[in-house]
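Hi,

Here is the structure I promised to pass on. Have a look at it first, and my notes on what turned up follow below.

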Amino acid sequence: MNTDLLIVGGGPAGLNAAYKAASNGLKTTVIDRWFTLGGQLNQQTQFYNNLPQHFENQRGYQLANYLIDRLRKLDVKILENHKMIGAYNNGSIGVTDGKSTFQVQAANVIMTTGAMEEPDIFPGWTLPGVMTAGAAQILINRERVLPGKRALILGSNNFALEVARQLNDCGVAVKGIVESRNELLSQNDELLCEVDIPVLLDSAIERAIGKGEVEKVYVNTDGIESVYDVDLICIAKGMTPIFEPFEIMSCDLTYQEKLGGWLPKYDSRFETTSPSVYIAGNAAGITNIGGILLTGEIAAASILEKSNAANSLKIEEEKKYLWGELYRIESAENPSALDARLDVIRNFHHETGIQLPVYLDSVFGGLTNG
Amino acid sequence: MDKSTIVCRCEEINIDEIESAINLGARTFNDIKRLTRCGMGPCQAKCCMNLVRQIISDKTGQPLHEIRPPRMRVPLGVTRMGALAGSQASSVTSVFGESTEEGETVHEEKL
């Protein structure tokens with residue numbers, strides 16, 4: 001199978017990139033290992049009030065539907081239930097539908113593999129009833145199953161607080177948010193004002209016990225032990241980029257704690273060290289929904305520019321706008337991740353000796369001088 | 001923390017087993033993988049990658065940015081042998097041909 005652009009991953013980054021490429025005439029193929037497109041957006045019921053200007057603010061699952069419907073109207077090959085399992089010596093990508101494996105020969109690839117949630121361990125963490133916050137969210141919003149009756153949340157980032165609120169809305173009694181530091185990680189603590197959830201700072205889960213499932217949890221707060229009678233523990237420690245497919249494509253990795261740990265190196269076009277292999281979304285560093293959508297679109301615009309598929313002046317104007325939006329949204333919601341992202345890009349350009357585009361001067365201004 | 005706490009749930013490897021591997025000289029995730037099978041189950045180190053890196057860092061003093069993830073290999077994810085081999089039997093027929101005893105009839109498969 002031949003295609004101008006193969007997109008691995010049909011979440012928000014991949015879908016937005018696919019729309020950009022296909023609406024400008026590139027022959028585009030999207031594969032996703034799941035049986036529906038939309039990725040993790042499908043169970044995000046919260047309202048996004050800071051999307052890029054060319055999107056209407058809306059709830060996560062509505063945004064997923066919008067991105068999918070918009071793409072289905074175009075001439076795009078969409079392969080659900082297909083996963084990338086490897087690469088061949090000739091540079092083509094091995095894709096399987098579970099029955100057979102075939103080669104996809106793509107002039108360009110954008111891999112939007114997303115991120116995975118990180119676990120936190122304590123004695124008893126493998127008992128049924130302990131899960132990540134994302135798993136609990138899938139159960140309530142997608143599968144319509146209550147994961148428990150009484151819960152503790154381990155971690156206090158934005159996602160932890162959001163899932164605590166959603167569980168509370170579903171009638172789960174959230175007995176506390178356990179945080180090892182002396183303050184909440186999330187700046188957005190208005191999420192907690194609406195609901196009555198106790199916050200346990202300077203605290204750690206010592207152990208969880210129970211017969212075949214979580215029944216009791218021992219929490220240590222500054223040396224004082226208390227027992228919680230809960231059947232659900234949601235772990236929200238943070239996320240880390242999924243980079244395995246990039247390693248298979250021989251992309252060099254770099255380490256940036258603020259972006260979630262190890263991730264592929266990339267330049268200002270979101271191209272990795274392997275030519276024609278691009279990256280976008282949470283795989284390019286943990287960010288917010290605005291950053292996920294915009295990085296996908298910048299990667300696609302860069303491929304259009306390279307393939308002379310669109311007027312180069314127009315593309316440059318568009319990229320300037322997209323970078324402006326990325327800067328606006330990430331500097332407001334996630335400034336330390338933005339700094340780390342610019343660091344990755346600056347290092348890449350430093351290594352290759354390729355100048356950063358002039359239109360990025362304002363974005364990189366603070367860093368290149370410092 | 002209790003040293004019997006599981007770190008890699010796919011292969012049921014606990015903190016003690018990982019620390020013992022480090023005491024034997026393991027310094028990278030790949031070393032620990034070879035000694036214990038940690039990270040070699042169905043999830044391919046997706047859950048334990050950073051947990052193990054943290055234990056290596058705590059135990060040896062190496063900073064986290066110097067501790068690389070384990071080597072990833074194809075196929076990515078659990079894949080059936082049949083899906084890898086495909087439905088075309090061309091390569092398989094030659095094997096049957098070679099193993100044919102003298103005097104046996106060779107059935108050429110028409111593909």
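This is a predicted model: local features need pLDDT of at least 70, side-chain atom pairs count only at pLDDT 80 or more; totals for chains, interfaces and linings use all residues.

A:Lys314 and A:Glu318 meet through their side chains in a salt bridge, 3.8 Å from N to O (a side-chain nitrogen of Lys or Arg within 4 Å of a carboxyl oxygen of Asp or Glu). Both sit in helix H8 of chain A (residues 312-333), four residues apart, about one turn of the helix. Helices here are DSSP runs of H or I with at least four residues and strands are E runs of at least two, numbered from the N terminus. A:Lys314 is partly exposed at 42% relative accessible area, and A:Glu318 is partly exposed at 22%; buried means under 20%, exposed over 50%, and partly exposed in between (1.4 Å probe, protein chains only). A:Lys20 joins A:Lys314 and A:Glu318 in a network of salt bridges.

Residues are numbered from 1 along each chain as its sequence is written, chains are lettered from A and ligands numbered from 1 in the order in which they are written, and side-chain values use heavy atoms, leaving out hydrogens and water.

Over all chains, the search finds 19 salt bridges.

Then there's an open sheet of five strands in chain A, in the order E10-E17-E11-E12-E13, with parallel pairing (two strands pair if DSSP finds at least two bridges between them). E10 (130-132) and E13 (199-200) are at the edges with a single partner strand each, so one side of each has no neighbour in the sheet. E12 (residues 173-178) pairs with E13 over two bridges, and A:Ile177 stands opposite A:Val199 in E13.

Finally, cysteines: there are zero disulfides over all chains (a disulfide being two cysteine sulfur atoms within 2.5 Å). The sulfur of A:Cys170 is 11 Å from the closest cysteine sulfur, that of A:Cys234, which is too far for a bond.

Cheers
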